[in-house]
Amino acid sequence: MRTTLVRVLLAGLCVAAIGCSKKGGGEGAGAGEIVIGEYGSLSGENAAFGTSSANGAAIAFDEINAAGGVLGKKVRVVTEDNQSKTEQVTTIVKKLINQDKAVAILGEVASSRSMAGSAVCEEAQIPMVSPSSTNQYVTVDKRTGLVKPYTFRVCFIDPFQGTVMARFAHGNQKYTKVAILYDVKQDYSTGLKQYFEEEFKKLGGEIVATESYTGGDTDFRAQLTSIKNANSAAIFIPGYYNDAGNIARQARSLGLTQQFLGGDGWSDPGLFPLGGDAIEGTCISDHYSAENPDPVVQNFVTQYKQRFNQVPSGLSACAYDAAKILCDAIQRAGSTQPNAIASALAATQNFKGATGNISINELHNAVKPITVVTCANGAFKYVTTINP
């Protein structure tokens with residue numbers, strides 16, 4: 001990758017290129033409304049992620065419309081289900097842009113699917129905002145190192161998340177030996193594993209075992225037996241909650257007693273019925289804490305509980321913020337032209353969201369705090385906040 005200075009210069013060139021763009025949507029379908037497309041995993045193995053995000057975004061859009069909409073127009077959201085399948089994303093996003101005439105796209109949770117959607121949006125020159133895809137290459141082209149002009153996100157990224165969890169493991173928890181069990185097929189998981197491992201070793205720690213699985217697997221006993229024999233103090237599992245809960249149960253049944261550490265992929269209420277007592281004491285990086293007394297947080301939490309009868313996850317909070325930031329950018333742009341929206345998104349600074357104060361940097365990533373929470377008695381409990 002290039003140096004930060006070079007990236008800044010490249011980002012400036014990308015923004016300049018946006019200003020010259022003539023492609024993309026206009027006012028959307030209907031003079032009295034603004035159409036925003038949304039795609040996510042509303043069914044399939046990651047349905048809880050997609051549903052949580054769609055619910056969070058729905059609260060934001062309802063608030064925006066109740067307050068008069070954007071540019072004096074109501075926002076109409078067209079939502080499509082990619083069924084937790086990356087191969088469905090291209091067709092869906094093209095449909096949102098070409099048929100529904102969306103002026104911007106609210107993207108996915110899973111990094112692999114956000115990358116697929118980003119490719120379509122970059123070609124069409126339509127802005128896309130991912131609520132919670134953390135792989136660094138969502139907003140930066142992996143081949144060239146160039147910032148993608150039309151792709152943004154409101155979450156922290158894996159280098160920061162992986163580094164924070166390594167420091168938490170080594171510094172806060174005083175662990176010197178850790179094992180890693182990761183999903184070899186998910187860009188999210190492989191990236192988080194890489195940055196955790198690099199930082200933990202840099203701090204003087206030792207990775208005593210590294211094992212992999214494929215999302216959706218049901219038998220993890222071989223990998224867990226290998227980890228058990230390595231005598232680690234903790235196990236870092238940078239996967240999604242549905243696999244993590246099953247892994248934790250099998251680990252405990254095999255006699256493993258180590259603390260589990262995870263990333264924001266664990267952040268879903270569905271983790272608790274899956275993991276049960278096996279996940280008690282697990283510590284994960286997350287986007288926010290529902291216990292935060294900040295009025296913005298508590299307004300969101302209260303609305304979510306009233307509407308969906310559960311505490312919102314970090315992914316719900318990110319989607320709430322993504323919808324708000326996207327609409328704020330359209331309002332600041334004074335236009336629904338995609339190039340103007342993209343420029344306004346790139347200029348976002350100190351937006352007060354449910355997940356903290358958010359600024360978009362030169363790589364189109366969010367600069368914001370990270371929260372560490374623990375699993376205790378069927379809920380995520382606040383541990384600490386770490387600033388960038």
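Student: Which residues of helix 11 and helix 12 meet?

Tutor: Keep in mind that this model is predicted. From helix 11, take Ile325, Leu326, Ala329, Ile330, Arg332 and Ala333. From helix 12, take Ala340, Ile341, Ala344 and Leu345. Contact here means heavy atoms within 4.5 Å.

Student: What classes of residue make up that contact of helix 11 with helix 12?

Tutor: Nine are nonpolar, none is polar and one is charged. Arg counts as charged, and Arg332 is in the contact.

Student: Why are helix 11 and helix 12 called roughly perpendicular?

Tutor: Look at the angle. The axes of helix 11 (residues 314-333) and helix 12 (residues 338-346) cross at roughly 115° and come within 8 Å. The range for roughly perpendicular is 65 to 115 degrees. Therefore helix 11 and helix 12 are roughly perpendicular to each other. Their crossing is right-handed.

Student: Which residues make the contact of helix 2 with helix 11?

Tutor: Helix 2 gives residues including Phe49, Gly56, Ala60 and Ile64. Among those from helix 11 are Leu315, Ala319, Tyr320 and Cys327. By class, the contact has 11 nonpolar, four polar and two charged residues.

Student: How do you know that helix 5 is oblique to helix 6?

Tutor: Use the angle again. The axes of helix 5 (residues 158-172) and helix 6 (residues 187-202) cross at roughly 45° and come within 7 Å. That makes helix 5 oblique to helix 6. Helix 5 passes helix 6 in a right-handed crossing.

Student: Now the second largest pocket. How many residues line the second largest pocket, and which lie nearest its centre?

Tutor: The lining has 21 residues, with Ala290, Val311, Pro312, Ala379 and Phe380 nearest the centre. Helix 10 (295-308) and strand 15 (379-386) each give two or more residues to that lining. The space in this pocket is about 320 Å³.

Student: What classes do the residues of that lining divide into?

Tutor: There are 10 nonpolar, six polar and five charged residues.

Note on methods
Residues numbered from 1 in each chain as written. Predicted model: local features only at pLDDT ≥ 70, side-chain atom pairs only at ≥ 80, totals over all residues. Heavy atoms only, no water. 1 Å grid on protein atoms, 1.4 Å probe; cavity = no way out; pocket = protein on both sides within 12 Å on 5 of 7 lines; lining within 4 Å. Points joined across faces, edges and corners; volume = space filled by probe spheres on them. Helix = DSSP H or I, 4+ residues; strand = E, 2+ residues; numbered from the N terminus. Axes fitted to C-alpha atoms, helices over the stretch in contact; angles between N-to-C directions. Parallel < 35°, antiparallel > 145°, perpendicular 65-115°, else oblique. Left-handed = near helix turned anticlockwise from the far one by under 90°.
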